[in-house]
Amino acid sequence: MNSDVAFYTPMKLPTSPIPSGDIIIAQLIMRALSQAGYRPRLESSELSYQKRPSVEKYTSIKERLTAERERLAKGYRSGEVSLPAVWFTYHNYCKSPDHLGPSLSKEFGFPYVTAEACRTGQNTPEDWLHSRRDAQAAIRHAKINFSLKANDRRYLNSFLEDDSSIVDLPPFLDTGLILDSDVGAKLPFENDNPIVLTVGMMRPGKKVLNFRALAEALALVENPNWNFIALGSGPEAENIKPLFDFLPASKKWFAGSVAREQVFSIMRRSRVFVWPGIEEPIGMVYLESQCLGLPVVALDAGGVPDVVKKDVSGILVKDSASMASAIQKLIESPGLCERMGQEAKKYIAQNHSIESATQILKRNLDRVLQR
């Protein structure tokens, strides 16, 4: 049986070196497809992503993608490129609609599948009218729409005639790779106080909002006996770091961008992971921290409850004041942290492992191909 999967990411290439949760998810899906017995191949490097709504930009992108579609079709027709068994698009949405897969699927007869098809909450519906129309047309054509979070499922249900194409695929990790990695990170602190860790790119927009909310919460923590580590860098770094000037220099460390193995090593040495999660669709770092037994403190909003088990593997709160209380509770209660950390490990192993994702992908793709 042909097991080739034409894998396409219209938003970001999975080969990109820039740290991103979207890239990690794409890489993990390709790995899970391989474990399921399929052969994923990156079918095109042409992206359709546009950051801001613009009809002119949308038209230009669509023209470029039309030419790419013809290039692929020519290769399929001539036999220079083997026909895939299925076309699989990750992150088809109004900012990056798939202009390739649906049309090629119709012409050459292979089934079309999406994962994390969603919509942006930015701007007005009218601003994204054309690209959202294209994204929704692709979703309607799909035999399977793998939904990674509850909010996406609600969106799909809002315009699909029925939910028969929707299959839940919880965000997942290759837990074995994470648990086996420890590079022995050295920390700069001269004390043994518990570490409050955050990880986030220092970019404009929602990342800045999250760092502001985090600074507000940390400033309210009354117990002074803890250290703070922030991993991540970006163009807003010089504006974000002063938000934490209330912390003594000896008790904070802005480490900048570090390799993922180094992130995991620092997670092992921390007491609690905190990231507010404002406008956070998923947040892979929540899964990674829990996998390593680190309890989470975050807002009870967005996609956070999809990846953190409230009051079991983490404490989900409503505002900065309650975030501060949760942080203080955990830094003062090593026993509670240990219990929540163990529950976090179990939660990830049972609900967010690559093994469970592989079974979901295999079962549903096999079904579509047999049909």
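Helices here are DSSP runs of H or I with at least four residues, strands are DSSP runs of E with at least two, and both are numbered from the N terminus. This is a predicted model, where local features need pLDDT of at least 70 and side-chain atom pairs count only at pLDDT 80 or more, while totals for chains, interfaces and linings use all residues. Residues are numbered from 1 along each chain as its sequence is written, and side-chain values use heavy atoms, with hydrogens and water left out.

View 1. Along the principal axes, the C-alpha atoms fill a box of roughly 65 × 40 × 35 Å. The radius of gyration, taken over C-alpha atoms, is compared with a globule rule of 2.2 Å times the number of residues to the power 0.38. For 371 residues, a compact globule would come out near 21 Å, and the protein has 22 Å, which agrees. Of the 371 residues, 54% count as buried, where buried means under 20% relative accessible area, exposed means over 50%, and partly exposed is in between (1.4 Å probe, protein chains only). A contact means heavy atoms within 4.5 Å. Among contacts between residues at least 6 apart in sequence, 73% join residues at least 24 apart.

**View 2. An open sheet of six strands in the order β2-β1-β3-β4-β5-β6.** The pairing is parallel; two strands pair if DSSP finds at least two bridges between them. At the edges stand β2 (39–42) and β6 (166–168), and each has a single partner strand, so one side of each is left without a neighbour in the sheet. From one strand to the next, the twist averages 25 degrees. Such angles run from 0 to 180 degrees between N-to-C directions, using axes that are lines fitted to C-alpha atoms, for helices over the stretch in contact. Zoom in on β5 (residues 144–147) and you'll find three bridges joining it to β6, with the two running parallel. N145 is the residue that stands opposite I166 in β6. Helix α13 (residues 354–370) lies across β3 (86–90), β4 (112–115), β5 and β6, at about 170 degrees to β5.

**View 3. S3, in the segment before β1 (4–8).** Is S3 buried or exposed? Its relative accessibility is 7%, so S3 counts as buried. If you skip residues up to four places away in sequence, S3 touches G37, Y38, R39 and A85.

**View 4. A second open sheet, with six strands in the order β9-β8-β7-β10-β11-β12.** Pairing is parallel in this sheet. Here β9 and β12 (314–317) stand at the edges with a single partner strand each, so each has one side left without a neighbour in the sheet. Ignoring direction, neighbouring strands are turned by 20 degrees against each other on average. Two bridges join the parallel strands β7 (residues 195–199) and β10 (residues 272–274), and V196 has V272 in β10 as its bridge partner. Helix α9 (residues 260–268) packs on this sheet, touching β7, β8 (227–231) and β9, and its direction makes about 155 degrees with that of β7.

**View 5. Helix α7 (residues 206–219) and its buried residues, including A213.** The helix has 14 residues and spans 20 Å from its first C-alpha to its last, close to the 20 Å expected at 1.5 Å a residue; the expected span is 1.5 Å times one less than the number of residues. The buried residues of α7, among them F211, L214 and L218, pack against β7, β8, α8, β10 and α11 (320–331). A213 has a relative accessible area of 11%. Which residues is A213 in contact with, leaving aside its neighbours within four places in sequence? They are P276, I278 and S320. A213 and W275 are 62 residues apart in sequence, yet their C-alpha atoms are 8.9 Å apart in space.

**View 6. P248, in the loop between α8 (237–240) and β9 (252–256).** P248 is partly exposed, at 39% relative accessible area. Its C-alpha is 9.9 Å from that of F228, which is 20 residues away along the chain.

View 7. A disulfide is counted as a pair of cysteine sulfur atoms within 2.5 Å. For C94, the closest cysteine sulfur is that of C118 at 7.2 Å, too far for a bond. C94 is buried, with a relative accessible area of 2%. C337 is in no disulfide either; the nearest cysteine sulfur, in C291, is 17 Å away. At 5% relative accessibility, C337 counts as buried.
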